[in-house]
Amino acid sequence: MNILITGGAGFIGSNFILYMLKKYPASTAGKPDYKIINLDLLTYAGNLENLEEVEDNPNYKFVKGNITDEKLVTEIIKDNKIDLIVNFAAESHVDRSILGPDAFINTNILGTYNLLKCAKNSGDIRFHHISTDEVFGSLGPDDPGFDEMTSYSPRSPYSASKAASDHLVSSFFHTYGLPTTISNCSNNYGPYHFPEKVIPLFITNLLENKKIPLYGDGMNVRDWLYVEDHCRAIDLIIHRGKIGETYCIGGNCEKTNKELTYAILELMGKGEEMIEFVKDRAGHDRRYAIDFSKIKNELGWKPEVSFEDGLKMTIEWYKNNESWWKKIKSGEYQKYYKENYEKR
Ligand code: NAD
Ligand code: TYD
């Protein structure tokens, strides 16, 4: 199988490529070969260091480029006889979408549209779209978790752009019969997570003995899933998912941001004096939760890594990979953070 992975140099995409190349090694006797083409623009969030260990793998190839580029995407599909596209490429940070939505509209909406168009025009290529639970909006404290029947109610430019991309994917299935699937997953964490997102930001700040900025009252709730569990779910969907369907993926692991913060502080041997309560995010969604019964019942998936183990492994990873995140934090990102933090 020849797979075009977009956004494979980002957090989840790079974990997925490493997962797939390990699970389906080159030329295993009697098994089909999995060839992966990674198309990534290498924005601030893309980092080829994530993929150093597979650089020389004969089943892996990197192409730098934009998912909005019709000519390039069509050429890649043709030249590599692509059977399946898995679309991870996106602008992914809510705070950045509040500061400047343009890139979110271009990549998340127009980029997904272009990929769908190229998939359709190149002979109805199988298409799996990676999306988020944020498209469903914000839950009250006693509401049941989001599932595949929940109506969309996005509230940030990020989630609105992802919602639009999901609708485009569905429209290509219903209108043109393109063989698509969508997955809507809750918050991921683990290795190679860009240190602007809450877990890697807090871990790396604490390793540098810096304060950790908790938004608002710290009582917003997120559902956390270790990234490898997400990769396993995607692997199942691309092989056994029903065409035209959506799958919700979650960690069964709701935590308030305060609970998450105290868990990180405790594992890192730091005290609560490191917390700095800061101005809340505009339009901050209060609670996300997922009911993942469908993927559990249909494909036998459930999360396997506990929150405690996942958080421990993640902290260890950041301790052991200081040069990876220090390079990021001391580069362009530092300037962005200083200039924009107060504007949030
Ligand atoms: P990320 O920001 O770490 O990575 C995004 C990648 O896309 C980067 O490598 C970037 O260079 C690339 N990219 C951006 N614009 C591009 C373009 N126009 N053309 C080609 N490449 C481009 O994001 P992530 O956290 O790995 O998220 C991946 C996907 O999963 C996104 O679609 C996101 O919406 C979704 N998702 C993320 C989470 C999460 O917790 N991180 C949860 C659910 C769903
Ligand atoms: P984030 O990692 O940005 O993911 P998302 O907004 O996609 O859920 O934020 C997770 C939660 O952590 C969210 O409720 C906002 C909060 N948060 C903080 O309290 N401080 C921070 O510095 C950041 C980045 C997020």
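I started with α6 and helix α8 (residues 257-267), which pack at about 35 degrees with axes 11 Å apart. Axes here are lines fitted to C-alpha atoms, over the stretch in contact for helices, and angles run from 0 to 180 degrees between N-to-C directions. Helices are DSSP runs of H or I, at least four residues, numbered from the N terminus.

The model is predicted: local features need pLDDT of at least 70 and side-chain atom pairs 80 or more, while totals for chains, interfaces and linings use all residues. Residues are numbered from 1 along each chain, chains are lettered from A and ligands numbered from 1 as written, and side-chain values use heavy atoms without hydrogens or water.

I then listed the contact (heavy atoms within 4.5 Å). V198, I199, F202, I203 and L206 of α6 meet L260, T261, I264 and L265 of α8. By class I found eight nonpolar, one polar and no charged residues.

Next I looked up α6 against helix α10 (residues 307-320): the axes come within 10 Å and cross at roughly 50 degrees. I noted the pair as oblique. From α6, the contact uses I199, P200, I203, T204 and L207; from α10, L311, T314, I315, Y318 and K319. This set divides into seven nonpolar, two polar and one charged.

Last, I checked helix α12 (residues 332-340). Which residues are buried there (under 20% relative accessible area, 1.4 Å probe, protein chains only)? I found Y333, Y336 and N340. They span an arc of only 60 degrees around the axis, so they lie on the same side of α12. The buried residues pack against α3 (94-99), α6 (198-207) and α11 (322-330).

Definitions and conventions
Buried means under 20% relative accessible area, exposed over 50%, partly exposed in between (1.4 Å probe, protein chains only). Helices (H or I, at least four residues) and strands (E, at least two) are DSSP runs, numbered from the N terminus. The arc is that of the directions from the helix axis to the C-beta atoms. Angles under 35 degrees count as roughly parallel, over 145 as roughly antiparallel, 65 to 115 as roughly perpendicular and the rest as oblique. Ala, Val, Leu, Ile, Met, Phe, Trp, Tyr, Cys and Pro count as nonpolar, Asp, Glu, Lys and Arg as charged, and the others, Gly among them, as polar.
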